[in-house]
Amino acid sequence: MTLDENENHEIPKTHPRYESLKYRHKIIEGLKKLVVTEAGLIAHGRGECFDYIIGEKTTQPAKKAIRAAVAALLIAEKPVISVNGNIAALIPEELTALAKILKVPLEINLFYRKEGRIEAIKNVLQKAGATDIRGINEEKMVELQGLESNRRKVDLIAKADLVMVPLEDGDRTEALKKLKKKVIAIDLNPISRTALWADITVVDNVVRTIPKMIEIAKELKKLNRIQLNKIIDNFNNKNNIQNMLDLIIEYIEKQKSEAFNILKG
Ligand code: PTJ
């Protein structure tokens with residue numbers, strides 16, 4: 001099995017870090033196609049590091065947050081899923097499937113607005129089956145108040161009541177909150193500004209979260225508004241982030257004793 005045929009990197013499926021390497025190569029391929037920005041490689045590496053200390057699995061607190069996030073997306077009046085280069089490179093098909101099942105539009109919103117990137121991301125999403133892609137028509141764009149980065153240029157996000165921001169820098173969540181919007185963040189770093197400012201924070205890898213959200217969306221679509229509201233009301237983001245941090249501490253303690261056993265020989 002070749003992960004990157006152009007460079008002939010043979011990585012067998014039996015490789016203990018196959019999954020991680022597969023996504024690394026998707027990011028590298030994304031860089032070559034302009035989908036991912038150079039800083040996206042660094043962001044991915046930071047994500048890998050946090051993934052390592054949560055045990056590279058979707059934890060119980062993450063599952064709780066995912067349920068609340070799906071319920072919130074189903075109940076929102078004008079929800080939008082924001083798309084950056086990394087998520088478009090990692091899981092375009094799953095992201096498109098989630099948008100379709102929830103009937104939520106995808107809006108390309110970039111921190112690094114290099115020439116040709118929006119077009120490249122649009123192509124990836126279209127290839128994955130997306131039809132309603134926003135953030136591509138400059139004439140429809142307005143500027144978000146309180147935000148100086150390129151992310152200020154938005155289309156549907158301007159009027160959205162709920163914005164889902166998978167893996168991003170911290171500047172925007174704060175601005176969106178000040179504009180009284182609800183924010184769902186997917187961020188492997190539980191103490192990032194994005195994670196701490198969001199209403200619902202899923203501390204997990206987007207490559208696991210989005211497929212899980214599709215599964216939960218199929219289930220929650222059968223519920224009525226009262227039942228969906230109950231899921232949201234029973235979710236406490238502050239407690240959930242605290243539980244996540246406790247799990248990380250526990251995991252590191254466990255790894256520490258295992259490492260000491262190996263070091264003892
Ligand atoms: O495509 P653009 O131009 O919009 O730029 C996108 C990046 C990601 C480069 C930009 O938003 C950025 O610089 O982000 P930061 O500040 O590096 O933050 C990214 C956050 O996402 C960090 O907290 C990472 O730990 C986290 N992260 C990285 N990979 C993943 C992730 N979270 C969930 N799943 C991942 N796969």
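Isoleucine 186 stands opposite valine 202 in strand 10. Strands here are DSSP runs of E with at least two residues, and helices are runs of H or I with at least four residues, both numbered from the N terminus. This is a predicted model, in which local features need pLDDT of at least 70, side-chain atom pairs count only at pLDDT 80 or more, and totals for chains, interfaces and linings use all residues. Residues are numbered from 1 along each chain as its sequence is written, and side-chain values use heavy atoms, with hydrogens and water left out.

**Strand 9 and its partners**

- Strand 9 (residues 182-186) is largely enclosed by the rest of the structure, because 4 of its 5 residues are buried (under 20% relative accessible area, 1.4 Å probe, protein chains only).
- Strand 9 runs parallel to strand 10 (residues 200-202), with 3 bridges joining them; two strands pair if DSSP finds at least two bridges between them.
- Strand 8 (residues 162-166) also runs parallel to strand 9, through 5 bridges.
- Valine 165 has alanine 185 in strand 9 as its bridge partner.
- From strand 8 the chain passes through helix 7 (residues 171-178) to strand 9, a right-handed β-α-β crossover (clockwise from the first strand over the helix to the second, with the strands pointing away from the viewer).

- The open sheet has 6 strands in the order 5-4-3-8-9-10, with parallel pairing.
- Strand 5 (133-134) and strand 10 are at the edges with a single partner strand each, so one side of each has no neighbour in the sheet.
- Strand 3 (residues 79-83) and strand 8 run parallel and are joined by 3 bridges.
- Proline 79 has leucine 162 in strand 8 as its bridge partner.

Definitions and conventions
Buried < 20%, exposed > 50% of the residue type's maximum accessible area, 1.4 Å probe, protein only.
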